Amino acid sequence: MDLRASLEQLETASRILLAAPNVVSKEERTSAESIILTFRKTRNAFVFCKFILENSQTEIVLFETADVLRNNLVQDWSKIPPEEIQHLNNHILGLLFTSTGFSYSIQRRLAGVVALIVKHQSLINNGKQRTELISHILSNAMSSTGQSLVVSCCILDALMGEHQYVVNATDASLAYEMHFAAKKDFENSDLVRIFQFCLQYLSSYEHSALKKRDLDHVLKILESILYWNFTKNNLPKRIAGVIEMETTPAFKPPNSWLHVVNDTGFIPTFFNIHVKVREDEDFVPRTVNLMTQLVTMHRPAMNKDTRVDFLSRILPSFTALLEIPNKLPVEVYGLSDVVRKILLFNRAALLSFVPSPVLEGFLTAVGGFSCQVIQQATIEEGKVGVDDRVYRESLTRVLEAWMNILTDTENVPKEVVQPIVTSIFNHYLQAHLSPPEGFRQPIPNNADDGDDEEDLDTNQFRDQLQAAGIFGRFILHHSVPILTQLLSFKCQALQKQMELVATNVAQRETLNPIFEDLHWGILIAGHVLAFDGLGETNLIPAEINEMSLETRASPDTSAVAFEKSFEMIPAASEDSVDPIVRLVSCVIIISETERRVSASGMAHLLSPELTANVLWFLHRFSQSYFFVNEEYYASISPCFLACWGVGSMVAKGAQNNFLRRIREDLIRYSGEVEVMREAINLLLALVDSPRKAESAIQSPELLPLVQLTSEVGPGKYQMPNEIYRKFVRAVICVGTCSEDEPRREEYWERILGPLLGRFRQFITLNSIDRHRDDVRLELSCVLSGFIGTAMSAHSRIASPLYQKIAPVVAECGSILDAYHNYVGIVELCLELVIEVCKRSLSYLSAADSLGIYQAAMSVVKSYALHASGRISSEKSAEEDTYNDLVLLIEMLTCLLAKDFLDLGPDALINPNSTPPVSASDVSLHGLGIVLPLLNGELLQYPNLSSKYFRLIAFLSELHAERMLTLPPMMMQALYESVSLGLQGATTETFSSCCEFITCIAQHIARHNQQSTPSAELCKPFLKVFLEMVLSQRISKDNIPAVSTCLFILISAFSDTYNDLVNQLLSTRADEESRTALSEAFSKLTENLNMVGGGDRASRANFRDRLENFIFTARGCLE
């Protein structure tokens, strides 16, 4: 072999690959790629690789050479003489320390080869060679700078990287146990020495002027150590694999590190180094990361005393750091994370044992830092076009840190914390108020209004507002009065300014600062008074109940004050009114101010955002306080019972007012989606319990609200279909919560009677009138109403509610047939059937279920008649174009709900009955409609692809026997689609395809149906999966699914598997590789139960063996 000529050929190929497309031809590029790929597969290439390293300066060639060396070592370690490996190791080390032509990336790659050799040899000689090498490198590093230090750090980094992983190690030539042993030995002996070297270097840098470039390499190693996932004994392999992939683990060194970490004298060094380099933005992220991990350190056998001692040493240094002025944005962001980690890993119960001067100084510094971040975040929010909101994210972290302390009310040192919390709360409140009360930045005129739901302040600042609520509850005697005063003052300012604007004395824009102040005041007040429920029962916070009990206010006076707030009469300051009631009354007065301004014909002056805020507040308030259930509390404030208790006439009057307001806002703000959404949420909160619902049904204000459902439509009140369905759902829910069945039926009839009447009018129209624009809009509105009705169903009322809408569901097929050219109506028909299936099907009787099946079948047939002409396969088409097809597939999937979980009344009485039409009949018929419409282009759309493959996976799991008896053409199309799905980019799609094949193959294996036509179509997948495994075309995430699928396929088609194996072995000309590959295949299934699909233990063992098989097969086939 002419080494010089081969090297020149490689370098020429690399230059061609890097050349611009207009410089080289396609053939030249293809030839160059072939040369590089051939080089990658070269075996026994040590001589050639050494020659390249000594004579080449081409980056790509050197990079590929390092990879070839590593692959050769991994594949052929047992065949290479030890002296040759040692010679290669020494040769690479000599090149690293003497050659100056290697870039850092090449140095790191070559150091990885050295690390691989050292790890393998250390398993033979108990780590002797690794220890000797590290001793030599550490000695050299401490006495060198520049290139020599960089190389030393590069090798140390490579050694750490090679020992970092056990389950997820890239070197598959070693068993899990060997990786574990190597890592544990490395941690206990050499990693701690590297840690000591880093500490010594930092200490020397702290007192001398060394090169920052050298420091960066040492900091990188130290960072890797502090983020190290130390081995844990007695963990199952799969759990250990998940744990070692954690990106930010706590620093928990083992017992062998005690002599190092017990000496906490090194702690100030971390902070001093940061102070020394903090003006350099390139270093700040790394030094801050070091401090962040340092504060998470958990020493071996650490108890309360040692933990307190650790905190006593680290907090003073960090306190001094927080007090340094003029911090960089990236520094603030990092320090906020350090604060969060300190308070996350050290709860209030532990902090209370820290010496008082240290703790008080730390908390005071964190409080001052928090206030600084609030101010900077306020300035940042006033800027337009800032994508990276550093201070906003920093503020969220700092507030989250405080929550870890403030929620532990029993252990928090209140006398220290309360003044600090008060200062932070005041700063946060002022940051959202306009001058002179606050320092909020003016909102730019060109700022984005943020109409999307995700852009709303309640969503963007959810975490901050929740923290502000906790702050406020911690200092209720300060926060409640100040919020009450603020809202009262701003309400008066709004009233006065409205008068000036109405008389043209002032411009409309002068109202904006007041609206914004009220906006934030209401948001903060709402979070102080109530939790975010997140699906749990909404209760009055204990702190608020206790405060109300402590004030001993007059229940009667408080009730009168709350009642008068609807007349816009504020409670006098000297009145004995409960402070919580007084705060809620302020919001009620703001609400009534809006109503009266609107009634006076000046609605154009109001802010829809403020209206939405008021409704949002009333929604939160109603969830927790309205018709308060005494059974949930050991004791409840008498003022709350007087104002909002179950038997309170004041509460019933408030409910009437709220219901009236909801109707007025839905009419007034028909174009404001967020206002309508909050109005509907308030309605749901007013009827979310039987007691509330019973009271609402008796309310005189409910009937006008119910009548509004029949007054929405073309030529009437305008409301988006999405909002209208939610409105109908909310109104229906009033009846679903009522336990009085006759009253519930009468109530539903008021809502659904007019809707059904409108629907029947449509049915009687002739075909020409049906296509008028106003008729189509009316039909869309009515169908949306019935979708909302279906969405309100649950187990208790699913059957009676379905009886009401069954005639509409039955007509969906004919509607779709008539309006097949109008995608919007097609989608509404499909959505109605989907919602009925989702919410009701599992609870219905067999007769009712049959009605849904027949309706769904009608929809499928109607869709089939007209679908072929509408589905486009143009690559430029948008995914939304196929939304109706997606909905059809989702409907077919939802129909299977009853086969999966049947809770209907017939389930126990006659479980073996067979209906004339079943869910599987409809789903399979629909699948036959869908399959001809699908192609490779359509299956590229993630949403469509995901739902389709989920459908066939469900069908194969629930009805594998029927999937095996499909018509031949349909079966052929089905398996072709699965073949396309296996090439999909998403893990979800791939897993669904594997699940489908697994279920079908398992049925074949268990029932010995290998000779069926479906089995013949399933059998080729065995070759597909074998080729995937052998060609390394599966990601690590997909290995579990591939393993299960391949195991079942081998079980079902054992003869085919043996033939494929023999065919592969016969293609290997090399006897050695043929023997090795044969042994690998034998070990893969040796002593496993492969009969009838096998058992769980065999499948688990097969998965473990498959990972080793992949590695062995790769070595034999290259």
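Which loop does P436 lie in? In this predicted model, P436 belongs to the loop between α20 (414–431) and α21 (457–460). The peptide bond that joins P435 and P436 is cis, with omega at about 10°.

N126 has a positive phi of about 60°, although N126 is not a glycine. This residue sits in the loop between α6 and α7 (128–142).

Helix α6, which covers residues 104–125, also packs against helix α8, residues 146–163. The two axes come within 8 Å and cross at roughly 50°. An angle between 35 and 65 degrees is neither roughly parallel nor roughly perpendicular, so α6 is classed as oblique to α8. The crossing of α6 and α8 is right-handed. On the α6 side, the residues that meet α8 are Y104, Q107, R108, A111, G112, A115, L116, V118 and K119. On the α8 side, they are Q147, V150, V151, C154, I155, D157, A158, L159, G161, E162 and H163. Sorted by class, the contact of α6 with α8 holds eleven nonpolar, five polar and four charged residues.

The next pair to look at is α27 and α30. Their axes come within 12 Å and cross at roughly 45°. That angle makes α27 oblique to α30, and the crossing is left-handed. Helix α27 contributes I588, S591, E594, R595 and S598 to the contact, while α30 contributes F658, R660, R661, E664 and R668. Six of the residues in the contact of α27 with α30 are charged, two are polar and two are nonpolar.

The largest cavity has a volume of about 50 Å³. Its lining consists of F566, I588, S591, E592, R595, L618, N657, F658 and R661. The elements that give two or more residues to this lining are α27 (579–599) and α30 (649–668). Helix α27 provides the largest share, four residues. By class, the lining of the largest cavity divides into four nonpolar, two polar and three charged residues.

Helix α39 (residues 823–839) and helix α41 (residues 883–894) pack at an angle of about 20°, and their axes are 9 Å apart. Because angles under 35 degrees count as roughly parallel, α39 is roughly parallel to α41. The crossing of α39 and α41 is left-handed. From α39, the contact takes in V826, E827, L830, E831, V833, I834, C837 and K838. From α41, the contact takes in N883, D884, L887, L888, E890, M891 and C894. The residues of the contact of α39 with α41 comprise nine nonpolar, one polar and five charged.

Definitions and conventions
Residues numbered from 1 in each chain as written. Predicted model: local features only at pLDDT ≥ 70, side-chain atom pairs only at ≥ 80, totals over all residues. Heavy atoms only, no water. Axes fitted to C-alpha atoms, helices over the stretch in contact; angles between N-to-C directions. Parallel < 35°, antiparallel > 145°, perpendicular 65-115°, else oblique. Left-handed = near helix turned anticlockwise from the far one by under 90°. Contact = heavy atoms within 4.5 Å. Nonpolar A, V, L, I, M, F, W, Y, C, P; charged D, E, K, R; others polar. 1 Å grid on protein atoms, 1.4 Å probe; cavity = no way out; pocket = protein on both sides within 12 Å on 5 of 7 lines; lining within 4 Å. Points joined across faces, edges and corners; volume = space filled by probe spheres on them.
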